[in-house]
Amino acid sequence: MATQDAVSVEKAKRGAFSSRKVFIFAAIGSAVGLGNIWRFPYVAYDNGAGAFLIPYLVALVCAGIPFLYLDYALGHRFRGSAPLSFARLSRPAEAIGWWQVGICFMIAVYYAAVIAWALSYTVFSFDKSWGDDPGGYFTGEFLKVGEVGVDLDVVVGVLVPMLVVWLAVVVIMVAGVEKGIGFTSVVGIPVLILAFLALVIRALFLPGAMDGLEEFFTPDWAALREPGVWAAAFGQIFFSLSIGFGIMITYSSYVDRKTDMTGSGAVVAFSNSGFELLAGIGIFAALGFMSQASGDPVGKVLGSGGVGLAFIGFPTIISEAPWGAFIGVMFFGSLVVAGLTSLVSVLEVVVSAVRDKFDLPRKVAAAAVSIPCAIISLIFFSTASGLYILDIIDHFINQFGILLVATVAMVVVAWSLRALPLLADHMNAGGSIKLLLWWKVLVGGLVPVALAYMLFEAFRIDVETPYEGYPTWMLALFGWGSAAAVMVLGYVLAPMPWRKDTSLEDPGLDAPPHDGVPTTPTARTTKEGVER
């Protein structure tokens with residue numbers, strides 16, 4: 001009874017999801033983001049089209065889901081934010097958690113800008129404000145982009161929607177885990193799915209839609225012999241599942257002890273991939289229409305994935321397509337909802353860590369994190385140079401932040417601390433999918449090797465060729481500098497003392513048994529590390 005009372009007090013103090021359903025919606029909301037809608041279709045098309053689905057599924061099963069289970073195991077077992085969970089596993093490993101916190105703070109700063117753009121374009125879709133030149137309108141009239149460099153002149157048309165986005169985010173974060181994040185996800189994800197499904201159905205009936213789908217699904221089997229195609233598949237899985245940088249550790253710490261975490265993880269992973277496939281169908285159906293209308297091949301119409309596809313390519317389609325306003329509102333509205341559910345998950349990593357470390361009330365911690373983040377975001381990304389800074393930070397934080405910290409985390413947990421048996425036993429106690437030898441081999445071997453290869457190739461390319469031709473000083477400051485800063489942050493914050501009532505002992509040892517069956521861990525964790 002005493003243990004159950006302690007658990008109840010901790011849940012009330014930190015916050016918790018009220019049910020497995022809410023957790024799954026929140027996890028899907030984090031995973032389904034802007035990258036699912038505009039990155040996956042382009043990556044798939046550029047890496048073998050239909051044949052890409054083979055390495056993609058292999059990467060999902062052999063890397064994405066196993067790593068997702070690692071994140072779940074750390075958060076669910078050690079009941080804390082990313083830094084606290086790593087600290088309870090081993091005190092020196094706490095720095096990895098703070099490294100992840102720094103990455104999330106950096107992502108939140110620029111992610112809000114893209115949501116603000118999508119919010120504006122949702123309104124623009126009604127009267128097709130971009131006119132006959134979507135590209136010129138986006139970079140010129142809307143963003144007012146000048147020469148490459150740092151120009152902090154404020155762009156009012158970007159500042160206002162960014163203020164709206166940040167106001168909504170602050171309200172959600174202050175409301176808490178269940179009433180804020182949980183409610184937003186439970187409402188937002190069904191709305192997102194329905195809106196995007198309506199977009200896909202409409203796109204499928206456009207003239208030329210089948211030509212676009214044929215391009216998307218026609219397999220280029222020769223591509224499977226290229227190592228870069230497999231690296232692209234692994235990269236897409238890691239980017240889209242929100243794994244490796246603290247989000248799923250934090251979310252799983254809010255879940256009841258009796259929850260089936262492995263079954264939940266499978267639902268989240270396949271839901272995320274299903275949405276990506278749906279996005280590919282909808283976008284290539286629309287591109288097929290544009291190809292037929294312009295006489296250009298689909299590949300030329302597609303151009304590149306990312307910002308260009310969303311804010312230049314799609315407005316062109318909207319201007320030409322029947323029911324263009326409807327397609328525009330559904331597309332950009334979907335970007336807003338997907339972006340918001342992802343942004344709050346990224347910020348929650350920072351809020352949870354600050355609460356755990358400094359013993360702050362929820363509202364105080366949420367405000368202390370969200371408001372400074374919003375100010376920095378507004379200063380840099382509502383300006384004429386915002387697009388350039390965003391592009392650089394996004395590239396380097398994804399490559400040398402998320403992938404690097406994920407690799408380090410796996411090596412430390414699997415080989416330095418040898419904690420995989422402990423984590424597997426914890427997940428197996430209530431999981432419908434058992435983590436046996438296959439999971440340990442993948443997490444301790446295949447996945448870190450694959451990520452290390454990707455990192456090496458990315459590093460080689462960025463050293464040999466300056467990213468997008470940006471000036472060296474900008475790449476050093478906003479690119480390499482931001483990637484290094486989040487790493488340094490981890491080692492600066494880790495030695496700071498925890499709040500007095502925070503125990504660094506493993507709470508999994510004293511947790512209530514799962515359905516009356518006591519757990520029998522093979523290892524014991526103390527604040528000094530894993531003992532055997």
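Q: Which residues are linked with Arg91 in a network of salt bridges?
A: The network links Arg91 with Glu94 and Lys357. Keep in mind that this is a predicted model.

Q: How far apart are the closest N and O atoms of glutamate 94 and arginine 91?
A: They are 2.2 Å apart, in a salt bridge. Side chains of opposite charge can pair when their charged atoms come close.

Q: Is glutamate 94 buried or exposed?
A: Glutamate 94 is buried, because its relative accessibility is 0% and the cut-off for buried is under 20%.

Q: And what does arginine 91 count as?
A: Arginine 91 counts as partly exposed, at 24% relative accessibility.

Q: How many salt bridges does the structure hold?
A: Seven. Among them is the one between arginine 460 and glutamate 457, at 2.7 Å from N to O.

Q: Where do arginine 460 and glutamate 457 lie?
A: Both are in helix α21, which covers residues 437-464. They are three residues apart, about one turn of the helix.

Q: What about arginine 460 and glutamate 464, what's the N to O distance there?
A: It is 3.3 Å, and those two side chains also meet in a salt bridge. Arginine 460 and glutamate 464 are about one helical turn apart, because four residues separate them in helix α21.

Q: Is glutamate 464 buried or exposed?
A: Glutamate 464 is exposed, since its relative accessible area is 55% and exposed means over 50%. Arginine 460 is partly exposed, at 31%.

Q: Switching topic. Which residues form the negative surface patch?
A: Asp132, Asp133, Glu141 and Glu320.

Q: Where does aspartate 132 lie?
A: Aspartate 132 is in the loop between α7 (94-127) and α8 (134-142). Its relative accessible area is 85%, so aspartate 132 is exposed.

Q: OK, now nonpolar. Which residues form the nonpolar patch on the surface?
A: Leu197, Ile201, Leu204, Phe205 and Met210 form that patch. Together they have about 490 Å² of accessible area.

Q: Which helix gives the most to the nonpolar patch?
A: Helix α10, residues 177-204, with three residues. Isoleucine 201 lies in that helix and counts as partly exposed, at 43% relative accessibility.

Q: What is phenylalanine 326 in contact with, leaving aside its neighbours within four places in sequence?
A: Ala198 and Arg202. Phenylalanine 326 itself is in helix α17, residues 324-358, and is partly exposed at 31%.

Q: How far apart are phenylalanine 326 and serine 125?
A: In sequence, 201 residues. In space, their C-alpha atoms are 7.9 Å apart.

Q: Last topic, the backbone. What is the phi of aspartate 359?
A: About 55°, a positive value, although aspartate 359 is not a glycine. Most residues other than glycine have a negative phi.

Q: Where is the place of aspartate 359?
A: In the loop between α17 and α18 (362-381). Aspartate 359 is partly exposed, with a relative accessible area of 36%.

Q: And what about the phi of arginine 418?
A: Arginine 418 has a positive phi of about 50°, and it is not a glycine either. Arginine 418 lies in the loop between α19 (386-416) and α20 (420-430). At 48% relative accessibility, arginine 418 counts as partly exposed, because exposed would need over 50%.

Technical notes:
Residues numbered from 1 in each chain as written. Predicted model: local features only at pLDDT ≥ 70, side-chain atom pairs only at ≥ 80, totals over all residues. Heavy atoms only, no water. Helix = DSSP H or I, 4+ residues; strand = E, 2+ residues; numbered from the N terminus. Buried < 20%, exposed > 50% of the residue type's maximum accessible area, 1.4 Å probe, protein only. Contact = heavy atoms within 4.5 Å. Patch = residues over 30% accessible without salt bridge, like charges linked within 9 Å, V, L, I, M, F, W, Y side chains within 5 Å. Areas by Shrake-Rupley, 256 points an atom, 1.4 Å probe, with all protein chains shown as cover. Salt bridge = Lys/Arg side-chain N within 4 Å of Asp/Glu carboxyl O. Lys, Arg positive; Asp, Glu negative; His and termini not counted. Charge placed at Lys NZ, Arg CZ, Asp CG, Glu CD.
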